Amino acid sequence: MNASNKISLCQPAQGKGCCVCCGLFNCADISLAGLEHFLSDATAEIRYSPVAGNIVRNFESLQKQYTFRETTTYVCPYMGFIDSNTPGCLMHPVVNNGIDRRDCSLFGKEICNDYFCPAYTLLDDRLKKILIRYTDNWYTYSIGIIDPLSFIWIVQLIEDKLGEPIVPEKSTTNSIVVTLVNRSLMMVADFFNTVPVPVFYYSEPEYHLHMRELSLNQSSSLNEGVRDTIKNAISAVFNDYS
Ligand code: SF4
Ligand code: SF4
């Protein structure tokens, strides 16, 4: 939602924009194709139409068009693609000729501007930089934001195999690491898409409470399969290169 704080996770680079706390991943279908469809529809309806106050799209109309994971959790109708490959807020002044129209959302511009999700505190600066630099599209990037503990677990697995820490400031990016980070996060996304429960929580206590069975940092009967698949995939790639 916002772009302040030391390292911004909200809009850190072209192709890495985030709409997670705007409710994007409350859609029942959180496949890449499903969310691209949602964002493209919004972009077409809002960005290229005259905007005046509370307009064509609203939460109630979205509820008729889409199925949501948690029916009482707000899904903002005003997120879309602010660039061809970058999700973001279509009411933000930066993309709206300097005019801030975020008050037409349920949250309002103060909350939109001042909220920080759990990833801001659960990821240290190095991990934030790894997430920004080593994901290669907005979708895998957003999965890391939704579930920072799974992302940390994936990074640790890769680093164990590498035998050294990933240094995000290095001038060259290790392409094996890019492949593994993105492949692993896609597997997490596929896993989340098979469980019909909320996958994003606004506060850290809620995140820890409700993601216990899903986050890959600890084993559960639900996530055992995907944990093994990711471990095997990472090992296989390193075996191929050794
Ligand atoms: S979920 Fe976090 S990173 Fe994404 S827009 Fe909201 S505050 Fe920013
Ligand atoms: S108005 Fe607020 S909640 Fe809606 S898309 Fe913009 S930043 Fe997100």
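Which residues are closest to ligand 1? They are C10, C18, V20, C21 and C117, from a surrounding set of 11 residues. A residue counts as near a molecule or strand if its C-beta atom, placed from the backbone, lies within 6 Å of it. This is a predicted model, in which local features need pLDDT of at least 70 and side-chain atom pairs count only at pLDDT 80 or more, while totals for chains, interfaces and linings use all residues. Residues are numbered from 1 along each chain as its sequence is written, and chains are lettered from A and ligands numbered from 1 in the order in which they are written.

Stay with the ligands for a moment. The shell around ligand 1 holds 11 nonpolar residues, no polar ones and no charged ones. Here Ala, Val, Leu, Ile, Met, Phe, Trp, Tyr, Cys and Pro count as nonpolar, Asp, Glu, Lys and Arg as charged, and the others, Gly among them, as polar. Ligand 2 has 11 residues around it as well, and C22, C76, C89, S105 and C112 come nearest. Its shell has 9 nonpolar, 1 polar and 1 charged residues.

Now step back to the whole chain. It is assigned domain 1 (20–115) and domain 2 (119–241). Such bounds come from an automatic or database domain assignment. The centres of domain 1 and domain 2, taken over C-alpha atoms, are 26 Å apart. Domain 1 puts 14 residues into the contact, and domain 2 puts in 15 residues. Two residues are in contact if their C-beta atoms, placed from the backbone, lie within 7 Å. The side of domain 1 that touches domain 2 has 7 nonpolar, 5 polar and 2 charged residues.

The largest nonpolar core has 60 residues. Such a core is a set of buried Ala, Val, Leu, Ile, Met, Phe, Trp, Tyr and Cys residues joined through C-beta atoms within 7 Å. Buried means that 20 or more other C-beta atoms lie within 10 Å of the residue's own; exposed means 12 or fewer, and partly exposed is in between, with C-beta atoms placed from the backbone. The residues with the most contacts inside this core are V20, M79, L90, I145, I154 and V188. Several elements each supply at least two of its residues, among them α1 (32–47), β1 (79–83), α6 (138–146) and α10 (224–241). Helices (H or I, at least four residues) and strands (E, at least two) are DSSP runs, numbered from the N terminus. Helix α8 gives the most, with 8 residues. Both domain 1 and domain 2 give residues to this core, so it lies between them.

Helix α6 is mostly covered, with 9 of its 9 residues buried. Among them are W138, Y141, I143 and I145. I143 also touches V188.

Two strands pair if DSSP finds at least two bridges between them. A hairpin through 2 residues joins β1 to β2. Across the pair, M79 stands opposite C89, and G80 has G88 as its bridge partner.

Beyond its neighbours within four places in sequence, I82 is in contact with G17, G88, L90 and V95. V94 is 12 residues from I82 along the chain, and their C-alpha atoms are separated by 9.6 Å.

G34 sits in helix α1. G34 counts as partly exposed, because it has 14 C-beta neighbours inside 10 Å. Apart from neighbours within four places in sequence, G34 is in contact with C27 and D29. G34 and G17 are 17 residues apart in sequence, and 17 Å apart in space, C-alpha to C-alpha.

Last, look at the loop between β2 and α3 (109–114), where N97 lies. N97 has 8 C-beta neighbours inside 10 Å, so this residue counts as exposed. Its phi is near 55°, a positive value in a residue other than glycine.
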